[in-house]
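Colleague: I'm new to reading protein models. Could you walk me through one, feature by feature?

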Amino acid sequence: MSEAVQEPQGAASGAGAPGSQPDAVTAGAARPTFRERLALWADAFKAIKWKRVLILGGIGIVVAAIAVVLIVNFVPVGWSRFIGDFAQNDAGRAILVGLIVGFCFTLVPLMVLLLLAYRSPAWVKVVLVVLAVLLATPNLLTLWIQTGASGSVHAADRIMDTEAYGFSGASIWGAVIGALAFLVWAWLFISSRLTKRKLRTLRDTPAGS
């Protein structure tokens, strides 16, 4: 009786072994060859509407070139005139505004960049970097006016010197103070988080261990 029972089991196992080979062959045959991949890439390349791509690419290049020309020729002068109108030829007011602008638009972007330390998706990190650059734009414009060599930059520098004397130097000092304030704030922030983590670990650790 025992032999009669064991024979069907052996037959079933023997029947199952050959059945696994066609599956492996099918799985291997499902992978496209290199020539088939080249054919797929060629079909995809032919399916691209190159006329539309070239037209859109040309429009994008023209728009980008116009934007660069406008930024280079008008943004520095516009920023210097804005600061000059705000300062109203008052050196004390220009220095105060420079300190505030340099401090705020250095501290806040650095605080935004500190958020990159948290675990987040890649697109969130890209948004944070773009936001930090936008927030630092006033200081970047002032630095551009002080270090640039184009005609519009020189004109903006002359406007700064006549209508908002002391703004550029004060903004640099404000940026330095903002960076130091960020370092102090970051040290306090990180040390407080480490302290809370240690306290949580001690609270969760049994007393006898």
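Colleague: Let's start with a pair of helices. At roughly what angle do the axes of H3 and helix H6 cross?

Modeller: Keep in mind that this is a predicted model. The axes of H3 and H6 (residues 137–147) cross at roughly 105 degrees and come within 10 Å. Angles of 65 to 115 degrees count as roughly perpendicular, so H3 is roughly perpendicular to H6.

Colleague: Which residues make that contact?

Modeller: On the H3 side, look for Ile71, Val72, Val75, Pro76, Trp79 and Ser80. H6 brings Pro138, Leu141, Thr142, Trp144 and Ile145. Sorted by class, the contact of H3 with H6 has 9 nonpolar and 2 polar residues, with no charged ones.

Colleague: Now H3 and H7. How do I read that pair, and at what angle do their axes cross?

Modeller: Read it the same way. Helix H3 (residues 50–87) and helix H7 (residues 151–163) have axes that cross at roughly 5 degrees and come within 8 Å. Angles under 35 degrees count as roughly parallel, so H3 is roughly parallel to H7. Among the residues in this contact are Val72, Pro76, Trp79 and Arg81 of H3, along with Ala155, Ile159, Met160 and Glu163 of H7. By class, the contact of H3 with H7 has 11 nonpolar, 4 polar and 3 charged residues.

Colleague: Last one: pockets. Which residues line the largest pocket?

Modeller: The lining is Leu114, Ala117, Tyr118, Arg119, Phe189, Ile190, Arg193, Leu194 and Arg197. Helix H8 (residues 167–204) gives the most to that lining, with 5 residues. By class, the lining has 6 nonpolar and 3 charged residues, and no polar ones.

Colleague: How much space lies in the largest pocket?

Modeller: About 210 Å³.

How values were computed: Residues numbered from 1 in each chain as written. Predicted model: local features only at pLDDT ≥ 70, side-chain atom pairs only at ≥ 80, totals over all residues. Heavy atoms only, no water. 1 Å grid on protein atoms, 1.4 Å probe; cavity = no way out; pocket = protein on both sides within 12 Å on 5 of 7 lines; lining within 4 Å. Points joined across faces, edges and corners; volume = space filled by probe spheres on them. Helix = DSSP H or I, 4+ residues; strand = E, 2+ residues; numbered from the N terminus. Nonpolar A, V, L, I, M, F, W, Y, C, P; charged D, E, K, R; others polar. Axes fitted to C-alpha atoms, helices over the stretch in contact; angles between N-to-C directions. Parallel < 35°, antiparallel > 145°, perpendicular 65-115°, else oblique. Contact = heavy atoms within 4.5 Å.
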